[in-house]
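Subject: A structure for you to look at

Hello,

Here is the structure I promised to pass on to you. Please open it and have a look around before you read my notes below.

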Amino acid sequence: MSRTIKGQNLIKGSSGEWEIVIGMEVHAQVTSNSKLFSGASTAFGADPNSQVSFVDAGMPGMLPVINEKCIEQAVRTGLGLKAKINLRSLFDRKNYFYPDLPQGYQISQFKDPIVGEGEVTIDLKDGTSILVGIERLHLEQDAGKSIHDQHPDQSFVDLNRSGVALMEIVTKPHMRSSEEAAAFLKKLRAIVRYLGTCDGNMDEGSMRADVNVSVCKPGGYEKFRADGSFKHLGTRCEIKNVNSLRFIAQAVEYEARRQVEIIEEGGTIRQETRLFDSKQGETRSMRSKEEAHDYRYFPDPDLLPLELEQAWVDAIAKSLPELPDEKRARFIAQGLSPYDASVLVSERELADYFEDLAQGVDAKAAANWLNNEILGRLNKAGLAITEVPVTASANNAIIRMISDNTISGKIAKDLLDIVWTEGGDPKAVVEARGLRQVTDTGAIDAAIEAVIAANPEKVEEVKAKPKLSAWFVGQVMKQTGGKANPAAVNAALKTRLNLPDEG
Amino acid sequence: MSDPTAMTLAEARDALKAKKMSSRELTGAFVAAIAAGRGLNAFITETAETALAMADASDRRIAEGKAGALEGLPLAIKDLFCTKGTRTTAASKILGNFVPPYESTVTQNLWNAGAVMLGKTNLDEFAMGSSNETSAFGPVFNPWRSKGSNQNLVPGGSSGGSSSAVAADLCLAATGTDTGGSIRQPAAVTGTVGLKPTYGRCSRFGIVAFASSLDQAGPMTKTVRDAAIMLTSMASIDPKDSTSVETPVPDYESFLTQGVKGLKVGIPKEYRIDGIPADVVAMWDKAADWLKSQGAEIVEVSLPHTKYALPTYYIVAPAEASSNLARYDGVRFGHRAASPRDITDLYERSRGEGFGAEVQRRILIGTYVLSAGYYDAYYSRAQKLRTLIKRDFDQAFEKCDVLLTPSTPGPAFGVGAKTSDPLEMYLQDVFTVTVNLAGLPGISVPGGLTESGLPLGLQLIGKAFDEGTLLRAAQAVETAADFKAKPAKWWTA
Amino acid sequence: MSVDKDTVRRIAKLARLAVPEERLEPMAGELNGIFKWVEMLGEVKVDGVPALTSVVAQKLKWRKDEVTDGGNADALMTNAPGGEDHFFTVPKVVE
């Protein structure tokens, strides 16, 4: 997908403008009960080394046996990324020494991953969409955890994470701003959460991103897209373990400016691994990773090739839920704005809540109600959509009461406040507290007469300036405790005061 | 009964079943023989107490009529099998005093069948060697000596402790592992039977890994029948080993009576290599005649890539080993160097101190052939050669049912005779290594003695998972060879 | 391809093996002897020959997603040369 670059994405350097090019490697923890190659639990936050099998600890003679759920989750994710599923893939060993890597190698997939090329659509704030190409997805083992701050001269090693299944999702360098990078990760997170293949919890490290950043002169990227040659792009640096959406934007901005400064001062960018320091808001070289890498990949002889049957893959494809893009399209078709639709589908729970809320009512009205009333109240209270105190069906009932003129919009907000804090069935509350809208013309006429009697001078003013009739409407509403139907009040006033139709 | 230790496994089984003796008596005799045979250095760890307790438990089960297939029969276990609560060393300093908190599947199968563990036998360090001279616990001696000589000979390797123990009657039978010939070659040079099953027949779970795509456990015994009995209990379908096959385990003993009438026995012409001694070739020819006279048909076959097998092996096995041995890093178990400066120092010195010279050499070879820029030239090419070697066998087996070859290029050699030149040592496996590369079953059966009075073995190679036919042919060779010789018990003197 | 002293030093570093300086040269010689012998594999035409990935004709075993292991922290630590409170300990690693 080609598009023109927007001015605000460019970095201004002393020599002119520069463009950022970003690719990402995302490690997403597979949602499963047990590990990729052992029967130990994957639960978060357990006591040190309490969820470690002898396989995970790399004890002599221990052998890996693959967890079928992890294979299924990888395929499910691949299908969600509209990617090619490879019916034959291989597990390789990536050899290196580190205290939290018990086997001395990580079982990963190098040459033949389980999932090949795919794509993700990301929707930007300005209403445009872009496609980010997925290079591949493969399964691999997570490492354990080294803790460096428990002892002055020792590191402590906990292997609970060792062997937990990860999906490494590698994008093509198709992102060109920090906004796009953050939007991609957000979208990817939404997709895996919809699929139930990763909980997307970045605080617990279930999703971690390594971000590859390079800069080039404007036009270089288009040339790269045209002929696929990386020579049009700058040398990239990999920023490790950026673990929040906010940090991604910060890290990209910082790193791109750093690279521009170096180049403009006549230096060259060294391809290297850098660490994002969220406290300082900067990236810095990881010297420990500087040593020449030579991972000596080779097929793991403890495992046979992973072979899938097309029918099995097809069955998974059939069981996929509706994904954000499809849901968004459906919401737009139902009358929502693209922006509202994007917001609503960004979290599966929010979209589900919306769908319940919008049962049989106008979608646009439901979206407005959700955005303005429910999300507003949740934000104020610091609650998530999963913690909303009023059910979607109760809100649906309120919206129905607005649309059939049982209550006014104003009363509806009061009603929501009542059920939000006190609970209860909205319909019952409306009856019990007499919140029904007054449409009875007699009652409205009486209220109008009362207002006219109390403010005779205003009658003359309105007759001169019909626009001032709003004041009368407000007074009548007040008189009726907000329950009068505003349209009925308007009509009655026009008749009573003899106002022209359009004023 | 004169000497219970001289019995075969089958004889002892029948004696216990007939209640002619107790497991306690039998086990006690072996415990005494092991103590008297320490000069052979066949055991790294003796487990006399455990053995006697297991024997008592067996006697109780026999009395209750609950005897298993190997009930009360004392065995020796190569010290590469992890045994729960009993130190397991792989004959390496790097494992230190490692006591596994788990049991290998093969040994568990044996204990489930009622067998008794006498101890853990010596081996080449991490099973890397053909003479049992790379052990951190010292060399093992072959019970056999040349006529009129006092020179100590090697028992073969890497399962040299097991071969020596079986040949010297220090156990009824033993377990071995075979990566390039480590069961068949030591069996051949000690006048015993060694069977390497099809890759995937015995579980590798709990066996210290050397080269994962080649390693296979198997029995080392006094007779072909004993090998069949042992294999029936050792083999299983193991959910804990991804490469363990789902094929059910038959009763291998039942094949032994079937004879070889009509069986086609292939003689691979490429095995007639220059420089092998005349008596090796003579015995090979004689064995073909034995099979022919029992009704088998002899056919010549070709395995054209035979000469590439050994160099292929010396790429594949060290490559896998270099990765398999990365876990010995001084962090979670095993030897850790004193006062390490930092983590790299801890790794480098723990491993430098813990691994012996041959293991280090192979780790370096393996690291090199997998390293950037060399993978295609070495490892990838070797794996392609493996495909060709496997195809050779597939084609040969279209013409025959089993293959007959010598087991080794010669009889046992003197301790220290080949340690200075690694290549010369590697050539010991020239006839056995092809079988591992192709994942096939092979067995070495004693054929007779050389002029100087040393045993030579004959190798039979079968189709994958056709151990039954292999055992039939082996039984025929054993019957014809009628090998009854025993080494003089110089070690008890 | 010939292996020299520096190559041995480099691969020893990759393999985390402390090889004493005086052993580097002899080791290079030993390795060269082996690599020279292995070079005969170059004679064989392997174009189009697939690399062997498994000698057994079998499908990879798949395990059910059940928690069947773990809870062994004590047993895990019994052989540890360095440990504290169920953690393995090593000299401090600087990132």
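Below are my notes on how some of the chains meet.

Please keep in mind that this is a predicted model.

Let's start with chains B and C. The contact draws on 67 residues of chain B and 49 residues of chain C. Together the two chains bury about 5,000 Å², and 72% of that lies on carbon and sulfur atoms. In case you wonder about the unit, the size of an interface is often given as the accessible area lost when the parts come together.

There are also 4 salt bridges between chain C and chain B. C:Lys61 makes a salt bridge with B:Glu246, where the closest N and O atoms are 3.6 Å apart.

Which parts of chain C touch chain B? At least two residues each come from α1 (5–14), α2 (21–38), α3 (73–77) and β3 (87–91) of chain C. The most come from α2(C), which gives 8 residues. Sorted by class, this side of chain C has 35 nonpolar, 7 polar and 7 charged residues.

Now for a sheet that includes strands of chains A and C. It is an open sheet of 4 strands in the order β9(A)-β10(A)-β3(C)-β2(C), with antiparallel pairing. β9 (145–147) of chain A and β2 (83–84) of chain C are at the edges with a single partner strand each, so one side of each has no neighbour in the sheet. Within chain C, β2(C) and β3(C) pair over 2 bridges, and C:Gly83 stands opposite C:Phe88 in β3(C).

Happy exploring!

Notes
Residues numbered from 1 in each chain as written. Chains lettered and ligands numbered in written order. Predicted model: local features only at pLDDT ≥ 70, side-chain atom pairs only at ≥ 80, totals over all residues. Heavy atoms only, no water. Contact = heavy atoms within 4.5 Å. Buried area = accessible area lost by both parts, 1.4 Å probe. Salt bridge = Lys/Arg side-chain N within 4 Å of Asp/Glu carboxyl O. Nonpolar A, V, L, I, M, F, W, Y, C, P; charged D, E, K, R; others polar. Pairing = 2+ DSSP bridges.
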